[in-house]
Amino acid sequence: MSPSQPRRASLKSLLGLGLALLLAWGAREWLAMHHASQQGAILREWIKADDIVIYTTDTCPYCVKARQWLTTQGLPWRDCNVEHDAQCRAEYEAKGAPGVPMLKVRDQWRLGFDPAWLVETIKNRPPT
């Protein structure tokens with residue numbers, strides 16, 4: 001066995017590992033997109049205009065992600081920016097909210113954005 005053979009085997013092993021990691025990452029991303037699409041489909045079936053209000057600020061990165069998800073799924077929602085709208089700020093402060101995004105879904109409130117919670121809340125709360 002020559003000295004270059006172990007090196008070649010190590011390179012093949014690293015390339016194989018890299019390919020396996022890339023495939024695993026791609027599968028994970030596909031599953032996440034597929035799951036989000038399923039959640040969006042359920043919500044589009046059950047949701048009405050003004051069912052979702054999201055209390056946000058201009059500088060909140062989680063608010064940006066929540067807005068993007070809702071928009072990508074084609075859902076009707078209302079952005080209530082607490083920095084620019086006095087009524088939104090009053091509602092937000094009345095809830096004693098410790099941060100944003102704060103979601104109001106029908107009559108339920110939640111700090112933070114969670115699509116699974118959104119689906120369950122919409123399915124379990126009839127429209128008012």
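Guide: Let's start with the term: a salt bridge is a side-chain nitrogen of Lys or Arg within 4 Å of a carboxyl oxygen of Asp or Glu. By that rule, there are 4 salt bridges. Keep in mind that this is a predicted model, where local features need pLDDT of at least 70, side-chain atom pairs count only at pLDDT 80 or more, and totals for chains, interfaces and linings use all residues. Residues are numbered from 1 along each chain as its sequence is written, and side-chain values use heavy atoms, with hydrogens and water left out.

One of the pairs is D51 with R106, whose closest N and O atoms are 2.9 Å apart. This one links distant parts of the chain: D51 sits in the loop between α1 (4-46) and β1 (52-56), while R106 sits in the loop between β3 (102-105) and β4 (108-111), 55 residues apart. (Helices are DSSP runs of H or I with at least four residues, strands are runs of E with at least two, and both are numbered from the N terminus.) D51 and R106 are both buried, which means under 20% relative accessible area; exposed is over 50%, and partly exposed is in between (1.4 Å probe, protein chains only).

Next, R67 and D79 meet at 2.8 Å, N to O. D79 is partly exposed, at 33% relative accessible area.

Then there's R89 with E93, at 3.5 Å from N to O. Both belong to helix α3 (residues 86-94), 4 residues apart, or about one turn of the helix. R89 is partly exposed at 38%, and E93 is partly exposed at 49%.
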